[in-house]
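The sequence and the structure are shown first.

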Amino acid sequence: MPLFPLLPISLLIAWTHDVLVLSVVLFLLLLASWRGQAVSTYCGAIVLALLVFWHDEPPEISTGERVLFSIESRRDNGRSVRLYGETSGANGVLVGRDVALGRPGETCLVTFEPDAFAPLRNVGGFDEMAWAKGAGLSFKGRQVTVHACRPTAGVDGAMLRFKERQLARIEATYRADVALYMEALLFGEGRLLDEETSFSYRVTGLLHLLVISGSHIAMLVLAFKWLLSPLPFHRETKILLIVLIVTAFGWLTGFSPPVARAVLVADMVLILSLFGYSVRDPMRLLSWCGAGLLALQPYLLFNLGFQLTVGMTLFLIVTRALWTNVLSLAIYAQWVGLILLWHVQPVISVVAPLYNVVVAILLSWVIIPLALLSYLMPFYEPWLHPVLDGLHGTFSLHNMYKPWIPLHELTVWGSFGLASGLWVGLLLLERRRWIGWGVAFLTLGVVTWTAEYKEQGRVTFLDVGQGDAIVVETDGLTGVIDVGGVFHDPSVQKRSTFDPGADVVAPYLWKRGEREIDFLLLTHADHDHTGGLEGVLDSIQVKEVWLAAEATDLEKRNDLLAKLETRDVPVRYVRSGDRPYPWLWIVSPSERKADENANSVSAYLAVGGMTYLLTGDLPEAGEATLPTVDVDVFKLGHHGSDTSSSEALVNRIDPEWVVASVGRNNRYGHPHPDVLARLVGRRVLRTDEDGMIVCERGACRGIVETKVSR
């Protein structure tokens, strides 16, 4: 098997990192391919694998001390700053606010507080811990202070300073979207990428085109072959020049995994051609190059970019006989991409293959040449404006109609079944095309149906920080109660902001296989319950929004109604005694109160064999009017404030499980110590500690399992 050189080192890395399922799969592949290899192949593969042990564990960075930090990249987002770099042989990221000093190519004296990378806190959300592992980052610091800086010594520092000067010139000279594409496609820098553009590229499967990738390196090689062809140099001299240029370009752009793989493969092909050798087995060359990169940086095995560049290149080699046109190539590429992207991406567009064809051609033959021309001669920049305006216009139209398919969350074995079925389908395409397609569609159908079939009634308390967002699923219905909200200073311009509706609620619903919800209940108009409304409405079809029949703050109420009216969403008003569904009983409010919190909608639910009481921000006085009903789960009122969740109420409803929806290190000190004292003897789960909390099958559990189990 040509993949053999890549397997021993991959197995060793997976085993030493306790990734059991991957280790088993790699071990079986290694057994299947062990026989028939040359002695040199065995020796080379084993030597590369043993190089893994040559890497030392990064040192632990101590607290509060001044350290020298060599900056490689800087990301500004409003007043927030992230510095990526190295200190004492350890790579990490420092986070701070209003950090004026510190640019790439500088070594700075800094102080910071060590912080942990956050694990996955919501299904469909961002797993910072996994990202850091794949990026080779071993530490994170917050509240960074930069005291002084000096230029970093050596050619690496000089290159970073040169690159930073070019990026600064681009940002000062060109229109924002032109600067984004120019930096991304010429320098491999994505610091101008805003959230809207990022989502449009992700949902259409185009994000690989907005970074330097293997296709760009291939174009670079072909371009310089053409440029050097008329020059009176020996063939060997021209090849060496191309090797140097390609390697220097990879160095300038930061040697991201796709670039490193492409540069290494291109250099190997060119160098072998110097000695009269041609590559007869491209898959084996890819395997050796992949193994070499893992020997240098073992963490790349967990890097999605590395997985995609190796997986996609392998796919191109295996299926090259099947390509009949560029559209079929794009369809097959999306096919194999699902294997790697399903678990990290919540949704994919049905027109992704078409977008890949059109945008790949547009970027390769129009945008990149015009970006390079405009970089060299800025007066050509206006030529890019209609091209980018048209491209972004299609994205706006696409996102308005939402032609995307949710990618349902899968178990480990579901993911294994998906990968196996899709890969077998690809292999069968060459023999009987209709059988290959049949296997692929059957795999998708069985995997999705199995995930849906196993579902039971459940209530999920999402981690949206200091706010509420609850998803209810039962009897084929899906509803959402509140959508969280984070305050953003309107005077501070940011490229990306955290929107709990778009960044937490919608991705979770997609991962549950939902494109629309049956109802959205907003308990009251406070921002920490309604701030994510527009993010949800722009992402998910909402059949009906429920509001409290009583409201005191008419300004907030009218603002909500205006947002709903512009999107033509029906509104229903609910009050105490209403039963919208047999399992849902509205128990408050019964009359208008002066305090907006006192008008919070409170509800009793019976879902999946468990009962719940949800009270929004209802204060203690309002709790006295609630019916006395035993419940299994009680969500603390007002995020655990001492003005709610009275001892009298807790004793009356006698919950086994108590959920606190609170933000980490929130300034209010929620949940209040007095409230926690009332809950002694009960099982308490908190979104700030346990992440997203799921209640089903008679128990509740947090996605970050720390202390409570069944």
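Which helices each supply at least two residues of the lining of the second largest pocket? They are helix 6 (176-187), helix 8 (214-228), helix 9 (235-252) and helix 14 (352-376); helices (H or I, at least four residues) and strands (E, at least two) are DSSP runs, numbered from the N terminus.

The model is predicted: local features need pLDDT of at least 70, side-chain atom pairs count only at pLDDT 80 or more, and totals for chains, interfaces and linings use all residues. Residues are numbered from 1 along each chain as its sequence is written, and side-chain values use heavy atoms, with hydrogens and water left out.

**Pocket and cavity**

On a 1 Å grid over the protein atoms alone, a cavity is a set of points where a 1.4 Å probe fits but cannot get out, whereas a pocket is an open set with protein on both sides within 12 Å along at least five of seven lines; lining residues have an atom within 4 Å of a point. Grid points are joined across faces, edges and corners, and a volume is the space filled by probe spheres set on the points.

The second largest pocket has a volume of about 850 Å³. It is lined by 22 residues, of which Leu220, Ala223, Phe224, Ile368 and Leu372 are the closest to its centre. Helix 8 provides the largest share of this lining, 8 residues. By class, 20 lining residues of the second largest pocket are nonpolar, 2 are polar and none is charged. Here Ala, Val, Leu, Ile, Met, Phe, Trp, Tyr, Cys and Pro count as nonpolar, Asp, Glu, Lys and Arg as charged, and the others, Gly among them, as polar.

There are 3 cavities of 30 Å³ or more, and the volume of the largest cavity is about 50 Å³. Its lining includes Leu522, His524, Asp553, Arg557 and Glu596. Strand 14 (545-548) and helix 21 (554-566) each contribute at least two residues to the lining of the largest cavity. That lining has 6 nonpolar, 2 polar and 3 charged residues.

**Cysteines**

The structure contains 2 disulfides, a disulfide being a pair of cysteine sulfur atoms within 2.5 Å. With bonded cysteines counted along the chain, the pattern is 1-2, 3-4. The table lists both links.

| Disulfide | Sulfur-sulfur distance | Angle about the S-S bond |
|---|---|---|
| Cys108 and Cys149 | 2.0 Å | 105°, right-handed |
| Cys695 and Cys700 | 2.1 Å | 110°, right-handed |

Cys108 and Cys149 form a disulfide that links distant parts of the chain: Cys108 lies in strand 4 (residues 106-115) and Cys149 in strand 5 (residues 139-151), 41 residues apart. In the terms used here, buried means under 20% relative accessible area, exposed over 50%, and partly exposed in between (1.4 Å probe, protein chains only). Cys108 is buried at 0% relative accessibility, whereas Cys149, at 30%, is partly exposed.

Cys43 is in no disulfide, and the nearest cysteine sulfur, that of Cys289, is 19 Å away. Cys43 is partly exposed at 44% relative accessibility, while Cys289 is buried, with a relative accessible area of 4%.
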